Number of protein chains: 2
Amino acid sequence: MLSQSIEDYLKAIYEIESSEGKVSTSALSEKLGVSPASVTSMVKKLSERKLITHKRYQGVKLTPAGRKIALEIIRHHRLVELYLKEALGVPWDQVHQEAEKWEHVLSEDLEDRIDKFLGYPVTDPHGSPIPRRDGTMIVRQCNALVDVEPDTLVKVVEVSDHDPELLRYLGGIGLYPETEMTVVSKQPFKGPIIVELTGKEHPIGRNAAKYIMVEKARN
Amino acid sequence: MLSQSIEDYLKAIYEIESSEGKVSTSALSEKLGVSPASVTSMVKKLSERKLITHKRYQGVKLTPAGRKIALEIIRHHRLVELYLKEALGVPWDQVHQEAEKWEHVLSEDLEDRIDKFLGYPVTDPHGSPIPRRDGTMIVRQCNALVDVEPDTLVKVVEVSDHDPELLRYLGGIGLYPETEMTVVSKQPFKGPIIVELTGKEHPIGRNAAKYIMVEKARN
DNA sequence: AAAGAAATTTAGACAAGGCTAAAATAATTT
DNA sequence: AAATTATTTTAGCCTTGTCTAAATTTCTTT
Ligand SMILES: [Mn+2]
Ligand SMILES: [Mn+2]
Ligand SMILES: [Mn+2]
Ligand SMILES: [Mn+2]
C-alpha cells in the first residue's frame, strides 16, 4: 500500500504535467502546500521507487507505473465526487473537499460498486473525465473561456473544482458542464467577460474565466 | 484534528471498557496489534491530553471527553457499515473492514446526510446500537448464546462483526439480528450448540456462541 | 560575461507512531 | 515469605514526512 502522501504527490505531478507540461519543484511545493525542501526529499523517494524520473534541477516526469497510480487516484476522486452529489445530494462546491479524503480509502470493490451505481459515468460533476479502470482517460479538446472571442456560442466542458466560491457563483447563474451560452463581450482593461445564458447576462472575471473550459457549440 | 491512531486507541479503549471492565496495556496491545511498549507511550500522550486517566501499572479509563470522541468514531463506523450495506449492497461480512477506514474520514455534514438517508437508524447490520449525535448510546440488555439453557426461544440481538467467516456462516443459515430461534441442545464435551431456525437445525460452536448475543423472546 | 536573483538541493532537526531489549513492578507459586 | 512468572514501563532506535537555514545550480539582467 502507498501512503496518502505518495498518492497525493503522484496526483499533483499528473495534474501539473497536464496543465503546465513541466513539473518543477516549486510548482509541486505550491500545489501541495509543503516546502520546496520537502518536495525534493519526496521526489528522491519516488524516483527510487521508479514512479517518477528526476533530472536534478530540471523537474520530474511520471513513469508509466507512476501515471497508472495517479490515474487510479484521480478515478477514485472523480467517482466519489459524482457519487456524493448523486447519491447523497452534496452540493457541487463541496464534493471536492470530501473526495480529497475519500480517494485514499476507497477499495477496489467499492470503486466498482459506485461505478455500477452511477451507470459507468464518464465525467464528474465539474465535467472532468473519469479515468477508466485500465488507467486510460479520454481528454476532451477545449479552450479556456478567457481566450474565446466575443459573439461566440460555446458549450461548457469543464470547470475547475478547486474554488468553492466560484462554483457557488457559477451554480447560481446556472453555468454547469454541458450548458450552452454566448460570450457577449470582453470588457476592456482586463474587465469581466459577459456571457448570456437562460436569457440573462452575467459577468465573469478574467481570472475565473481561466478556469472555465469551453468548446465551440455546433451551429 | 485527531490522528487516526488516536481515534483507534480511544475506540479500542471504549470497547474493552465495555466488555472487560478493566483496560490493561496488554489488552490494548492485542486488540490494536501493536507492542505493549507502543501502547504505554500512546497512553502517556492520551493522558496528557486528558482523554484518558492512567494509574501506572493499573490500566486506563476514558474521561468524559475521551468517551465522547470514542462514541463519535463508533457512530461513524456503524453508520457507514449500515450505509454500505443498504446503499451499495456490500455484504455484511465485509462492511466492518471498509468502515474501519471510512470512520476516520467522515465529515459531520456527510454523517448527517447518511443518517438521514438511512432514516435515523438505531442499529448497524450486526445489531450493535448506533451512538447518537450527542454522544449517548442505548445499550440493550442481552446474554451470550453460549450461556443460554437448552429449550429456550431467543431473539438474536447482536453478532460480533470481527470475523467475516463467522458472519458468512451465520448469514448462510439465516441468523441475523432480530431473528428468533430455539436453542435445541448443547452437545457435551464443549460440543456445539444446536439451534433451530426456519425449521432447520444448525450447529454453532461454543466459541462462536460467545459472540452471538441474544435475549429471551417474549412467549 | 559577470553579477544578481530565483529555484533547487543538502544538511540537520523534529514530531508521530511504531519497534526491541532491558528494567521495574505486580501477581502467582512454591 | 521467597521465588518465579507475567505485565508494564523505560530507554533507545527507526521510518515517514515535514520544517528551516545554508549551499548549490540555473536563469535573468545588465
Ligand atoms: Mn488527497
Ligand atoms: Mn472534480
Ligand atoms: Mn479505524
Ligand atoms: Mn458492526
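This is a predicted model: local features need pLDDT of at least 70, side-chain atom pairs count only at pLDDT 80 or more; totals for chains, interfaces and linings use all residues.
**Exercise 1. Classify A:F117 by its relative accessibility.**

Step 1. The value for A:F117 is 45%.
Step 2. Exposed needs over 50%, and buried needs under 20%.
Step 3. A:F117 falls in between, so it counts as partly exposed.

**Exercise 2. Find what kind of aromatic pair A:Y83 and A:F117 form, and which helices the pair ties together.**

Step 1. Over all chains, the structure holds 5 aromatic pairs.
Step 2. In the pair of A:Y83 and A:F117, the ring centres are 5.3 Å apart. The planes stand at 70 degrees.
Step 3. An angle over 60 degrees counts as edge-to-face, so this pair is edge-to-face.
Step 4. Now place the residues. A:Y83 sits in helix α4 (residues 64–88) of chain A, and A:F117 in helix α6 (residues 108–117) of chain A. The pair therefore ties together parts that are 34 residues apart in sequence.

**Exercise 3. Describe helix α1 of chain B: its span, its burial and its packing partners.**

Step 1. Helix α1 of chain B covers residues 4–20, 17 residues in all. From first C-alpha to last it reaches 24 Å, close to the expected 24 Å.
Step 2. Of these 17 residues, 12 are buried, so α1(B) is largely enclosed by the rest of the structure. Among them are B:I6, B:Y9, B:L10 and B:I13. B:E7, B:D8 and B:K11 are buried too.
Step 3. The buried residues pack against α2, α3, β1 (52–54), β2 (60–62), α4 (64–88) and α5 (95–102) of chain B.
Step 4. Look past the end of the helix. B:G21 follows α1(B), with a positive phi near 85 degrees.

**Exercise 4. Work out which residues and elements lie around DNA strand D.**

Step 1. There are 22 residues around DNA strand D. A:S3, A:S38, A:K45, B:S26 and B:H54 come nearest.
Step 2. Check side-chain distances to phosphate oxygens of DNA strand D. A polar side-chain atom of A:S3 lies at 2.4 Å, and one of A:S38 at 2.6 Å. For an N or O atom in the side chain of B:T25, the distance is 2.9 Å.
Step 3. Assign elements. Those giving two or more residues are α1 (4–20) and α3 (36–48) of chain A, with α2 (25–32) and α3 (36–48) of chain B. The largest share, 5 residues, comes from α3(A).
Step 4. Sort by class: 8 nonpolar, 11 polar and 3 charged residues.

Technical notes
Residues are numbered from 1 along each chain as its sequence is written. Chains are lettered from A and ligands numbered from 1 in the order in which they are written. Side-chain values use heavy atoms; hydrogens and water are left out. A residue is near a molecule or strand if one of its heavy atoms lies within 4 Å of it. A polar contact is a pair of N or O atoms within 3.5 Å; within protein, one must be able to donate a hydrogen and the other to accept it, and residues adjacent in sequence count only if both atoms are side-chain atoms. Helices (H or I, at least four residues) and strands (E, at least two) are DSSP runs, numbered from the N terminus. Ala, Val, Leu, Ile, Met, Phe, Trp, Tyr, Cys and Pro count as nonpolar, Asp, Glu, Lys and Arg as charged, and the others, Gly among them, as polar. The expected span of a helix is 1.5 Å times one less than its number of residues. Buried means under 20% relative accessible area, exposed over 50%, partly exposed in between (1.4 Å probe, protein chains only). Contact means heavy atoms within 4.5 Å. Rings of Phe, Tyr and Trp (its six-membered ring) pair if their centres lie within 6.5 Å; planes under 30 degrees apart count as stacked, over 60 as edge-to-face and the rest as tilted.
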